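Please look through the sequence and the coordinates, then read on.

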Amino acid sequence: MSTLLHISDCHLFGDTTRQGYGAINPQLSLKQILIDAFKLCENISAVIVTGDISGDDSLASYQHFTILMENHVTTPVYVIAGNHDNNPHFDTLSAYHLVAGKPVELGDWQIHGLDTRFDGARGQVDTQELKAIGKQVTENSHRHHLLAMHHHASPSESWMDKHDLSNADAFLHWVEEGIALAAIIHGHVHSPLRYTLGTDNPVPVMGCPASCWQWEMASEFALSNEQPGYQLIRLHDDGTLTSDIKRIKII
């Protein structure tokens with residue numbers, strides 16, 4: 001069994017003293033998550049961050065992220081871009097990038113990354129990236145496959161749906177073609193959404209809490225009272241997986 005620490009939506013600022021929504025300092029909350037997660041689970045195999053590393057497009061925000069990873073993480077770190085990472089500074093994290101067609105292996109599992117950056121806060125899947133992932137899945141049918149992306153793949157029935165995937169139907173069609181995915185994980189909505197995609201062989205999809213402030217899944221913009229969080233995903237050798245949502249208490 002491998003254990004994956006899933007973090008998302010860090011929204012770090014160049015100014016490490018700056019607070020965001022809910023008077024939360026995203027630098028301090030991410031640091032606390034890393035400390036708490038590795039204290040809770042000593043056998044974490046890897047860390048994956050599903051986008052929105054930066055909250056202000058600054059070079060310094062990515063430098064702060066790198067320092068936090070170097071100081072508090074002892075396992076491999078993999079990162080995919082979010083809509084807030086649509087800037088040249090994101091490329092400074094190239095050593096961490098999880099790129100479509102180049103999955104990482106954790107035991108009997110392969111972890112795939114899909115870049116859904118598009119226009120502003122909206123996302124879009126790239127058909128060439130889907131083909132690259134599909135090729136890897138087909139050629140490694142003896143393994144189990146987890147796909148990581150930033151945007152949610154199905155309506156959340158909240159105000160965040162105006163920041164959805166512009167071609168969600170194309171993505172759903174790709175999933176329904178029978179791509180052998182054990183699960184999909186994402187961020188973006190600052191909430192641990194749970195749903196499935198496809199009808200004949202439904203694929204479970206798991207959203208992740210933000211490592212900073214949380215959104216209320218309501219029709220109008222609202223901040224949730226939930227604390228920053230993360231999820232621990234346990235990848236079992238038989239191709240099943242389990243996930244636990246963890247929250248921290250802001251000190």
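Ala148 stands opposite Ile185 in β9. This is a predicted model, in which local features need pLDDT of at least 70, side-chain atom pairs count only at pLDDT 80 or more, and totals for chains, interfaces and linings use all residues. Residues are numbered from 1 along each chain as its sequence is written, and side-chain values use heavy atoms, with hydrogens and water left out. Helices (H or I, at least four residues) and strands (E, at least two) are DSSP runs, numbered from the N terminus; two strands pair if DSSP finds at least two bridges between them.

**The six-stranded sheet**

- Strands β8 (residues 144-148) and β9 (residues 183-186) run parallel and are joined by three bridges.
- Six strands make up this open sheet, in the order β4-β5-β8-β9-β11-β10, with mixed pairing.
- At the edges are β4 (104-106) and β10 (194-197), each of which pairs on one side only.
- Neighbouring strands here are turned by 25° against each other on average, direction ignored; axes are lines fitted to C-alpha atoms, for helices over the stretch in contact, and angles run from 0 to 180 degrees between N-to-C directions.

**Helices on that sheet**

- Helix α3 (residues 127-139) lies across β5 (109-113) and β8, and runs at about 175° to β5.
- Helix α4 (residues 168-176) packs on the sheet and touches β8, β9, β10 and β11 (203-207), where contact means heavy atoms within 4.5 Å. The direction of α4 makes about 70° with that of β10.
- Ala170 has its place in helix α4.
- From C-alpha to C-alpha, Ala170 and Gly120 are 20 Å apart in space, and they are 50 residues apart in sequence.

**The five-stranded sheet**

- Five strands form an open sheet in the order β3-β2-β1-β12-β13, again with mixed pairing.
- β3 (77-80) and β13 (241-247) each have a single partner strand, so one side of each is left without a neighbour in the sheet.
- On average, neighbouring strands of this sheet are turned by 20° against each other, direction ignored.
- Strand β2 (residues 44-50) runs parallel to β3, with four bridges between them; Val49 has Val79 of β3 as its bridge partner.
- Strand β12 (residues 229-235) and β13 run antiparallel and are joined by seven bridges, and Ile233 stands opposite Ser243 in β13.
- The hairpin of β12 and β13 has five residues between the strands, and Gly239 takes a positive phi near 95° there.

**The α1 and α2 pair**

- The axes of helix α1 (residues 26-40) and helix α2 (residues 59-72) come within 10 Å and cross at roughly 20°.
- That crossing makes α1 roughly parallel to α2 (angles under 35 degrees count as roughly parallel, over 145 as roughly antiparallel, 65 to 115 as roughly perpendicular and the rest as oblique).
- Residues of α1 in the contact are Gln27, Leu30, Lys31, Leu34, Ile35 and Phe38, and those of α2 are His64, Phe65, Leu68, Met69 and His72.
- Gln27, in helix α1, is buried because its relative accessible area is 15%.
- Not counting residues up to four places away in sequence, Gln27 touches Leu12, Thr16, His64 and Leu68.

Note on methods:
Buried < 20%, exposed > 50% of the residue type's maximum accessible area, 1.4 Å probe, protein only.
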